[in-house]
Each structure stands twice: as C-alpha cells, then as structure tokens.
Amino acid sequence: MRTIRPAASLAIFAIVSMSPFALAAERVAPLDLTRHDPADKVELAKTEEGVFEWSLPTGDAQTLRLDLAKLGIEPQDFDELRFDIQPLGSQVGLQTTIAGLPTADEGSRWYLKFKALAGQWASGRYDLRVDDDGFTGRPKAAPGTLELRLYRRIVGFPGEPKWRKAQIRRPRFVRRVVSVDFDLLETELVADAGEVAAVYRLRVENRTDAPQKAKLEADSARTLKWFRAEAPAEVALAPREKKVVPIRIAIPRAIAMRLPPLYAEPAVPRVSIEGVADSDSVPLMGYRPWPMWGVVPVFNPVRWTPATFQAFLDARGKALPGVAEWRARVLREAEAAAKLDWPVPPLELLPAGFDQSYRCNDCRVWLQPAAHASFRKHVCPKCKKAVEGKEGIDKAFVSRYIGQAFHAVRTLALGWPLSGDEAYAKKAAGVMLAFAEAMPKVTPAGPRSTAGGARLAYSTLHTSYKLPDLAEAWALLAEASCIGEAERAKIERFLNDEAFRVARHSVEYSNQSAEHFRAYGSVGLATGFWPLAAEAVWGEFGYHELVEFAFTEEGIGHEAGAYHRAVFGAMAEFAEFAHDQGVNLLTARFKRVFDGSLLTLGGAEVSYELAYRVYRDPAYLQALERARQHPGESAALRGVLGIPRASEMPVRSVLFPGTGYVFLRTGNVADSREIRLNYIKTFDRHERDKFTTFFFRGGQQVDATVGRITYSSPHCAWMESTAAHNAIVVDGEDEREQDGVLVASDLAGQCPIAAVASDPKAPLYDGVAQLRGIALIEGAYIVFDRVTCEKARTFDRYQYGQGKATLRFDAKKLADLPRLPKRGAFTEIEGGPCGKELRVDFANGLKMRLVSDRELAAYKALTVGGYQAGPMEATFARLADATEATFLAAFTLGKDAEPPALRIRQSTADAIVFEVGTPVARHTIAVHPRAGKAEVRAATGQ
C-alpha cells in the first residue's frame, strides 16, 4: 500500500469570520433588479415573481446599478450572493461588482465562472469574502453599489444570432446557517492492490447559537459513476461547533485499471438543514463550487534514466536529422546554466512584479541587470543609464529572473539524462530546494483574491507562466538518485503549494484559464498529486471544457489573435507533457483547433509534431517541414519519422462562416499568396478591426498593422483603434462593436473573391453603409470598398506597410490635419491632393495603386507600433466631406513588380464593377450585393 500525504493546510482558507447572528428570516435578502438606477440604459423586465429577463437586442453590453443602501442591504452582513441564470440565443458573460466591499475604499468583482449553457438554468454562488480579481484602486461607483454588466459571448456556430437574452432568477444575498470547506492539499491518496482512494477532510461549521443536525450529501449532484463516496449522512453540531468530517472517494483497482489514466469524476459535497430555505452550503472557491475528485492514477508514468533516454535518442537520430544538433545545443545551455548561481531573490521583492515594466521607456528597450542576479541595479543597453532604488523596476526584474532561473532548472534537468552527469541534477534540485525553503516566508500579493493569492509573482497568471518549467524538470529528475527523500518531500510540497494557489483562480474560456491549468496540471502530473491534475483536465473550466467551448466550431479562440495563440499554445504544450507521462489529451474535438490555428498562425510557435503523430493530417506537413529545418525537443522526442515532403502541396481558399474569417489563397505551400478579411470576430482581442485585411506571401506577412503593444506602454490603447488597422475610418473615430455579413464569395476559381458588408440594422458606424471585397488576381492582392452615408463625412482608407513608405506624388509637410484618430500620436504629417489615383511604395517591395471615383487626398504620418511602441509609419487615402466613396486598390510584391491598372466602371447599391488589367489579361470584378453574387471574369488579348 502506498500512501501520499501532501502539504499541510494553507492559510488561504482562513477567511475572516463574520459577526455572530441568530437563525432568522433576515439572513436572506432578495434583490429586485428592476429597482436599478433610472439612468441605466438596460432592457430588463420582471416576467414573473423573482424572474428577470434581460435583453441585448444587438449584442451590445449593458450595465445596471443597484444602490444596496436604499434596498436596506449591507453586503458585509452576508456570506454569499446567489442567483440562477439561463442564457438565451447563445452564451453570455456576467460581471458582478460590489463597491465598498470589504472596506469603503475597496471593491470586489466576480465573473460567470461556472458553466451556463444557452437554454439551461444554472446556479451561481459568489463567496463575498473571496473575490475574483478585486481592484487595484478605488472603485468608481459609490460604496454600496452593486453593478451587473451583461455581455454576449460568441460561440461561433453558423447562424449564431447577435442578440442575447438572459433570465436571472431569485438574485439574493444569503447568510449561511452551516458552512463547509476543505483544503485540497490535506487530501490523503491511497493506491494499493485492492483499491484507489482519496480521503478528503470536510470542515463543517455551525454558524448559529442553536444546535443543528445537518444533512450531508457527499455527491450532491450525483456525478460519480465508477467511483463511490463514503461519508456520514448526517452531522450533529453543537452551537458554533466546527467539525472535520472525512469523505472517502474510492474505486476498486480492477475497475480503475480498465479506465484511461487520469480519468476523473467530481463530487461536490453539500450540507443543509431540513426545512430551512437557502441553508444549503457547498465548498466555494470564490465564485465556483470546489469539487472533490476521484481520480485514476497514471499507474505507469514515463520516467527516464540516462541509459534509456540516450538509447531512445540514438535510435531516433539515425532516421531524424537534427537530433544530434538539438542534443548538443541543450548540453551547451545546461553547461552554461551550471556555471551560474541562481539564488532566491530578496524576499522583500516577492511576490515579483509586472515583467513588462522592466524597460527604459525613454529608449523603448528592455533593461538589463548590471550583473547576473543583480536584483537592485539595472542598466539601459542603449542610453547606458543605470537604474537603482526603484522597487517597481526591481520587482519587474525579479519576475523575469524567476522565469530565467526556472528555465535554467529545466535545462539542467534535461541535461542529466542527456549526459548522465549527476551534477546537472544536483544543481537543478538545489535551486528548487532553495525556493522551497524560502516561499513559506512570503506573503501572497492579494490573500482575499483568487487572482492575487500567489507568492512567486503578483498574480496567479504570472506564476502560471513559471511553474511548468519546474514541473517538467521534476518529471525528468524522477529517477535521479542524488536527490534524497527529505529533499524530494520539500520540493514536492513547494510545487503543490504554488500550483494550488494557481488552481484557485479561473478566467472562464480565456488564455488565463489555459495558462493556469497547464501550470497546476503539470505539477499534479509531475508530483503524482492526482487531484490537481484532475482539476486541470476535467474541471469546470479545465482542458476538456476549453476544448469544447473556448473555440468556435472552426477552431478559433474567443479572444482571437495573440490571445488565441496563447490559449492554444498553453493547451498544446500541456497536452505534450501529459502525453510524455502517458495521458492522451489530443481528442477528436481538439483537432479543429489545430486545423483553424494552422490557417491563422501558419503552424508557427506551436509544435505540430504530436498532432501529426495522433491525427496524421497531411495538411500539418507544411508546419512540420518548416520546423524541422532546425529540429527541437518536440521533434526529437515525439516526431514521426519519415514524413513525406509538402513543398508541392496546393493551398485552397477557406471561409469560416461561424467565425467570420475569409482566407483567399492561391499557389502552393512553397509559394502562396493570401488575403485575410474578417467580418464577425475580431482578428485580435478587444480591437475595433472589422473589415481589416492582411496580406501574406509564402506564409509570411508582407503588409502590417500597429500590432500588439505592451500593456506597460502609455500607447497600449492605440492598438485597439480602427485606425491602427488596414480599414476604413469615418471621421477619425472607432468602429462600433458590431458584426458584418457575408455578401457573396467564389473561393473555387483561379481568382478567388469574397465581399462582406455592414449590417443595416447594426452598422459599424451609425448611418454608414460599408462593403469591402477582396480578390487575388494574377499574383496581385485586390481590395475594394464602397461606403455611403446619410450626411457628409470624412472617409480615411488606412494601409500599413513594412518599413518606410514613399508617396508617389508631390506631398507637402503639414503642421496638423483635422479628424485624426485620438490615440495615434501622429507626427511628421505630409501629403495633400493626389487626384483620383494614389501610388505608394513600401520598403519591403510592397506596392499599392489605389483609385477612387472622386478626387482624393493622401497622407503619411509617423505613429507608434510593435510591442515596444516604436516609431512606424501610417498611410491613408482621404475623401473629405463626402456622402459616398469607392476605393479600388491593388498590391504587388517585388522590386520590379508594378501594380495592375485599375478602373471603376460602376458603383451602385445594385452593382459594383471594376477592371483590373494585368500583363496576362483584363479582369472584370463584378459584385451584385442584393443578389448575393461575386465573380472575376478574365478576357485575354488586351
């Protein structure tokens, strides 16, 4: 029999108790949502007693505010906010804020972090003493204000409506009669010849001055199938008594052996008092029920020794060129890491700060430590200025340093089986042990917040970036005999402690959830503490849940762009590590995410080696062929040997109707051209970027936008503006958050074409109708627009390129220009009238010809862009004081390539007809919006 006893209880659960109160009717305070602030612009009605229907007719978010003092409610007097919710139309999000809780200068905030599917009622409970991410500053609302913000979520299925409704039933504040919780890390795991079991310690408290007989349901939702729960059915409690009640969740070993490794089932215990309404209590982790897990262990995890690892790589190296090069590179890095000391940072600098703040804002470059592990002196490599005595900078460096130290630990751990040199293993374990001994002395950044309960960094998110390296290192060191049992116990306690702090926080279907469960799931797999791994894989916002609901049916993340990459990357890396431990997480449903990501990311930054091994999709060969030019760890350990070549594989155009992405593509993987256009989802998180375009050649972007800007930059909000994209901007303002519609497309022809338009009922700009089309014609990228409005407006057609832009007309320098975007910080403006045709050349060989049906002006200006918000140019064509405009643009790439001749033949609501003349043919583009038709016809013999 093997018994695992993890770390002692954390102090996190020692939440401040409320003042004594008697069992009375006042312990439940119902909320009438119709008594919100009259100034709130919400569509909400009471449909029956206790049921409120909230409508978002166009999908725009709405916020209501309740003055709790006027309702006679003091939040401090209650334990929970409870309600039921039923989304209609599709999924919704709900942000709940209470200003003045826990003190007048503070606030608390929760999100809808429990499963709430459309058409189904779901119950929500928020623990008023443990909030989600809290506030770093004073709330804007007056103390005692309850604020609810309802917004739509996009699942991304074809035909998904824009409108949303949510029925909210019986919102109320509740004081508990009995209270329950448990510390996951007090769980005792048992695995012997007869059974597999987990024994949890449920803490039950009588909150009243009278004796109570509490009913206990160990598996209240009846979610256990193969496992069984053993616990008393009743708990007798004296006044104010606290008891610990063991709950045992077990399965016969013979059955466990027939189930997949890490198969798990949750059980949520519930206690209640017979006949007392709202007396039921379940363990809460701030805003979500906290389950106990029955888990099938990974009975035979993969554990390398130098002999087995080197034999494995020797065999693969004979068929996979590059393995020897990768092995030598890792050993060089391990040797370099071994020569450095990796001390624990000064404890007063922990938790670490925001690593993106570690930079010289004057020079827009990262700072550097004056010496390795120089925690308090830093130097700008550009201006050479030394920075000392700034705690914020010191803490930002500590965050970066911990990431480097933990990566060094992983490199050292990998160096041990690669070389057989135990010095690497000792060095890696020594660094981990030093952190293990220091961390209990560190106070969490935000003890009452699930997002701030971390000790390594100021948030669980930033801690989650660092833990996977340690978890993967610990798995590599499993067979290292130079690490004693006492040292192992300390290190595993440290890993489980920090992982549990991360597990407490969840951010629904977002990149943070994925980063979090990758971190604590990897630790659970590495230490053999299976409940942590089970929560990561099977939890309500765990791996399988995100596979199903964090992506559209076409495999695109809800936050798109960089955040899609972050979600997908964390999940793919976790799946790789789990695969190495004997757990297969690459399900059939996850394949759509690899497929969608291949289009949007081109296979960059995320390895497709394991995906090809599992799915065997030939489309993945394009990603593998590029990655294997310099094979890394994934190819060396998981890659399929002898893959076919993909250099002649043709590409095809693709439409994602649920997501609202269009990919026009011609050529083959080795030499392709591609235009991307969006009309439903954004291309990146919160950006106002509908109808923007991107151009690619051979998988590499050849135009540009402002791109992602670090959040520590004062210019970070600029990246969200419409003018930061290749789009139409009206009067210098940003688009509204609305969806467009697909007008027509022909993706199968030699010259693919697609056209999208704004929704007349919910346009991107009030009173403005827009149509944008794209086509690929004889190697040229074509983009055309028709814009009409009710009154005279200014239309700017923005286009970003790579490097310096040259305006091919007599441009003049200007001191200022009206109707520029608010956030662009435009300087060095030059331009002026250019007739009905504009030519612009960009430094990388991209050339643009743009024509209009009326006299144009064109400009270029210096703005900021890129991660460090460095200088970059923006160009735009302008039609001022116009009620309609038509733009037709063609782009070519190459030093000697000239954009084709362009002509606007017709531009009406019924028909848009253009001519594009290439050296090969005269092409006619015809779009009939009302008929839903678009085509490209070619006539040779010009």
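Angles over 145 degrees count as roughly antiparallel. I keep that cut-off at hand for the helix pairs in this predicted model.

**Entry: α4 and α5**

I looked up how helix α4, residues 391–419, sits against helix α5, residues 422–438. The two pack at an angle of about 150°, and their axes are 7 Å apart. I therefore note α4 and α5 as roughly antiparallel to each other. Their crossing is left-handed.

Next I listed the residues in contact. From α4 these are I402, F406, V409, L412, A413, G415, W416 and S419. They meet E422, Y424, A425, K427, A428, V431, M432 and F435 in α5. Sorted by class, this contact of α4 with α5 has 12 nonpolar, 2 polar and 2 charged residues.

**Entry: α6 and α8**

I then took helix α6 (residues 460–476) with helix α8 (residues 511–527). Here the packing angle is about 30° and the axes are 8 Å apart. Angles under 35 degrees count as roughly parallel, so α6 is roughly parallel to α8. I recorded a left-handed crossing for α6 and α8.

On the α6 side, the contact is made by T460, L461, S464, Y465, L467, P468, A471, E472, W474 and A475. On the α8 side I have Q512, E515, H516, R518, A519, S522, V523, A526 and T527. By class, the contact of α6 with α8 has 10 nonpolar, 6 polar and 3 charged residues.

**Entry: cysteines**

How many disulfides does the structure hold? I found 0. A disulfide is a covalent bond between the sulfur atoms of two cysteines. I checked C363, whose closest cysteine sulfur belongs to C383 at 3.7 Å, too far for a bond. The cut-off for a disulfide is 2.5 Å between the sulfur atoms. C363 counts as buried, with a relative accessibility of 16%. I also looked up C482, which is partly exposed at a relative accessible area of 21%.

**Entry: S653**

S653 lies in the loop between α15 (633–638) and β27 (654–656). Is S653 buried or exposed? I have it as buried, at 10% relative accessibility.

I then asked what S653 touches, leaving aside neighbours within four places in sequence. The contacts are F663, L664, R665, L747 and P752. For L747, the separation from S653 is 94 residues in sequence, while the C-alpha to C-alpha distance is 5.6 Å.

**Entry: backbone geometry**

Most residues other than glycine have a negative phi, and most peptide bonds are trans. I looked for departures from both.

I found a cis peptide bond between L101 and P102, with omega about 10°. P102 is in the loop between β7 (92–99) and β8 (107–111). Another cis bond runs from L350 to P351, where omega is near -5°. I place P351 in the loop between α3 (323–338) and β22 (359–360).

For phi, I noted L262, which is not glycine and has a positive value near 70°. L262 is in the loop between α1 (253–256) and β19 (264–267). Its relative accessible area is 2%, and L262 is buried.

R616 is also not a glycine, and its phi is positive at about 55°. The loop that holds R616 runs between α13 (609–615) and α14 (621–627). I noted a relative accessible area of 46% for R616, which is partly exposed.

Key: Residues numbered from 1 in each chain as written. Predicted model: local features only at pLDDT ≥ 70, side-chain atom pairs only at ≥ 80, totals over all residues. Heavy atoms only, no water. Axes fitted to C-alpha atoms, helices over the stretch in contact; angles between N-to-C directions. Helix = DSSP H or I, 4+ residues; strand = E, 2+ residues; numbered from the N terminus. Parallel < 35°, antiparallel > 145°, perpendicular 65-115°, else oblique. Left-handed = near helix turned anticlockwise from the far one by under 90°. Contact = heavy atoms within 4.5 Å. Nonpolar A, V, L, I, M, F, W, Y, C, P; charged D, E, K, R; others polar. Buried < 20%, exposed > 50% of the residue type's maximum accessible area, 1.4 Å probe, protein only.
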